[in-house]
Amino acid sequence: MSVTAFLTDSTLCIGCKACEVACKEWNGIDDDGLEWSGFSYDNTKSVGASTWRHVKFVEQPPVPGFGGNSGEQTSWTFSSDVCKHCEKAGCLEACPTGSIVRTEFGGVFIQPDVCNGCGYCVTSCPFGVVERNPKDGRAFKCTFCYDRQKAGLQPACAKACPTGSIKFGEIEQLRAEATNRLQELRQRGIDDATVYDPRDTSVGGTHAMFIVRGDPRSYNLPPAPEVPTAYLKKAWMSSAIAAGLLLGGTLLAFWSDGKSNGR
Amino acid sequence: MSNRLPPSVPSADLGREQRLEEIRRQAEQQGRLQIVGARPAAAPFPQASPEDGYYQIPLLKEPPWTWGIPLYFFVGGAAGAAAVVAAVANYTGADRELVRDARWIAAAGSVISPALLISDLGRPERFLAMLRVFKPQSPMSVGAWTLVGFSTGAIAAAFAGHLRDRYGPSLPLRVIENAGQAASLAFGLPFSNYTGVLIGATAVPVWNRNVGNLPLHFGASGLGAAVGLLELLGHRKSRALQALGLGAAIFETLEGAHIESHDGVYLDPLKHGPSGWITRTGGALAGPVPTLLRVASLFSSERRSQSFRRWAAASSVVGSIVTRIGWMQAGRVSARDWRLSLERDLV
């Protein structure tokens with residue numbers, strides 16, 4: 001029972017969507033319907049209630065060698081997105097029912113039998129991962145294959161990945177592996193690769209790290225995610241001042257009114 | 001160009017062939033065609049970049065709440081403030097009818113609030129899941145427990161007061177009434193403004209960037225609504241209510257001025273587009289309009305003064321509802337704005 005993580009290496013991803021299919025089959029998730037997005041081969045657009053793994057097809061202006069293409073062709077990279085399983089998870093903190101818990105493997109898990117569909121986790125996720133299922137109103141997201149991990153198996157997406165792009169393992173081991181992989185890529189001249197693991201933000205790092213080329217923002221990975229509990233102090237301070245003003249103002253208004261009425 | 005044509009093309013169609021060449025050239029050079037009726041939706045091909053993110057697809061999910069939640073913000077805010085008014089009015093010996101009506105507003109809000117929340121959850125028993133645990137770090141959990149405490153107190157105070165008026169005082173009634181009143185005061189103070197904390201402490205940019213003034217803003221909005229409802233019920237001679245209404249309206253005016261005088265891309269949903277117009281309308285109805293009407297009522301005859309106050313009251317109540325709807329809509333627009341989550345330091 002160790003603390004586990006994903007390391008998704010976009011330099012190895014071939015965009016086959018095996019992870020999406022494996023995830024949907026293992027977890028029995030609804031289909032997304034078929035809507036053409038016009039964005040490369042990506043017709044799902046983002047992770048959500050019915051998409052727990054999501055392959056991004058990132059087309060960028062031509063950069064020689066980027067994405068393995070020749071200089072004049074559009075650069076094309078793929079990256080499999082997933083719930084980040086934050087170290088300080090906004091959804092977990094916000095959940096009023098205690099449905100969202102941290103598992104013994106370090107993942108963030110929504111207990112579907114406890115979730116009451118309040119939707120507060122949806123507004124509290126800085127990565128836009130959690131979503132309400134429109135059919136029953138409850139919130140859903142990647143479970144980090146809690147059932148499989150319990151049985152000593154790796155998550156379905158990692159198991160199905162044919163290129164080793166989705167790595168699963170002990171978190172510190174994967175962090176080391178990410179550093180090694182970065183060095184290896186640098187040696188091969190790919191010096192724009194970076195590891196996305198926002199440990200210096202209030203999110204405090206994630207259990208789903210990514211190796212991407214270029215600016216992570218092109219992959220919709222936010223440069224400064226904030227866990228919303230960071231705003232709590234300011235919010236309750238303002239609430240206390242508001243309550244004080246309300247009580248003081250009401251007392252003053254009725255007291256002076258009563259006095260001038262000769263009571 | 002014509003030397004590329006196969007010999008079988010009749011010469012009469014040469015013009016059409018040249019047109020095809022022209023179309024091809026346009027597509028090659030500009031990435032899109034400018035022809036009446038031709039709108040290739042995907043052209044020019046969208047590209048991902050640090051500036052445009054992932055094809056300008058929003059990172060955040062929109063707040064999923066239905067119409068019931070902004071309405072709950074209004075009802076809860078008004079009920080919480082009404083309970084505070086009722087308790088303070090009672091302690092300071094204001095007239096019994098004002099206390100009674102304020103208590104009924106608080107009690108009515110205590111019944112309507114859970115109903116609105118349940119309408120959003122879908123099934124009544126789901127609300128009970130809120131009461132499994134108490135999590136101080138979750139404003140939703142704190143709010144649910146505050147609502148329970150507030151509702152119990154407000155309903156107890158209203159009914160015990162009613163029974164006392166009807167059947168005369170007795171010790172048990174007095175105990176229930178006083179305990180209910182104390183509870184509705186203690187819980188009413190946070191209940192009137194915690195919804196500002198609720199939406200302020202989220203990942204939605206327009207909400208969390210205003211986290212420092214949202215509870216104050218919502219608290220003033222709730223007070224304006226509570227005073228307005230009391231005045232609409234006929235308490236248009238109370239000077240205390242006039243003072244409170246004026247205070248709330250002036251605060252809302254300042255809040256509006258604060259938002260209007262600050263610039264920043266994250267404030268756009270409060271100023272532009274449909275959500276901006278809803279927020280601005282709500283702000284005007286809750287701030288400057290009742291302020292002016294109340295000032296006018298101070299300097300006019302008894303009858304006209306009451307009429308001014310009635311209009312100010314109605315304006316504040318409607319303004320409070322519209323303000324909550326406006327902030328909810330602004331939150332949706334803000335979550336949809338793909339630019340905001342890509343910023344490092346949002347201004």
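1. Chain A splits into two domains: domain 1 covers 4–226 and domain 2 covers 227–263. These bounds come from an automatic or database domain assignment. The C-alpha centres of domain 1 and domain 2 of chain A lie 45 Å apart. Before going on, note that this is a predicted model, where local features need pLDDT of at least 70 and side-chain atom pairs count only at pLDDT 80 or more, while totals for chains, interfaces and linings use all residues. Residues are numbered from 1 along each chain as its sequence is written, with chains lettered from A and ligands numbered from 1 in the order in which they are written.

2. How do the two domains of chain A meet, and how many residues does the contact take from each? It takes 10 residues from domain 1 of chain A and four residues from domain 2 of chain A, where two residues are in contact if their C-beta atoms, placed from the backbone, lie within 7 Å. On the domain 1 side, helix α2 (residues 90–94) of chain A gives the most, with three residues. Helices here are DSSP runs of H or I with at least four residues, strands are runs of E with at least two, and both are numbered from the N terminus. By class, that domain 1 side has four nonpolar, three polar and three charged residues. Ala, Val, Leu, Ile, Met, Phe, Trp, Tyr, Cys and Pro count as nonpolar, Asp, Glu, Lys and Arg as charged, and the others, Gly among them, as polar.

3. Now the sheet in chain A. Four strands make an open, mixed sheet in the order β8-β1-β10-β9; two strands pair if DSSP finds at least two bridges between them. β8 (166–170) and β9 (193–196) of chain A are at the edges with a single partner strand each, so one side of each has no neighbour in the sheet. On average, neighbouring strands of this sheet are turned by 20° against each other, direction ignored.

4. Staying with that sheet, β9(A) pairs with strand β10 (residues 208–213) of chain A in the antiparallel sense, over four bridges. A193(A) stands opposite R213(A) in β10(A). Helix α6 (residues 171–187) of chain A lies across β1 (4–9), β8, β9 and β10 of chain A, and runs at about 135° to β8(A). For such angles, axes are lines fitted to C-alpha atoms, for helices over the stretch in contact, and the angles run from 0 to 180 degrees between N-to-C directions.

5. Two backbone spots deserve a look. Most residues other than glycine have a negative phi. H85(A), not a glycine, has a positive phi of about 45°; its place is in the loop between β3 (75–82) and α2 of chain A. Q56(B) also isn't glycine, and its phi is positive, near 60°. Q56(B) is in the loop between α1 (14–30) and α2 of chain B.

6. Buried or exposed? H85(A) counts as buried because it has 27 C-beta neighbours inside 10 Å, whereas Q56(B) is partly exposed, with 16 other C-beta atoms within 10 Å. The cut-offs: buried is 20 or more other C-beta atoms within 10 Å of the residue's own, exposed is 12 or fewer, and partly exposed is in between, with C-beta atoms placed from the backbone.

7. Over to chain B, which is assigned domain 1 (66–192) and domain 2 (205–347). Their centres, taken over C-alpha atoms, are separated by 23 Å. In the contact, 16 residues of domain 1 of chain B meet 18 residues of domain 2 of chain B. α2(B) gives the most to the domain 1 side, with 10 residues, and that side divides into 12 nonpolar, three polar and one charged.

8. Finally, the two chains together. Their contact takes 69 residues from chain B and 63 residues from chain A. The chain B side has 42 nonpolar, 21 polar and six charged residues.
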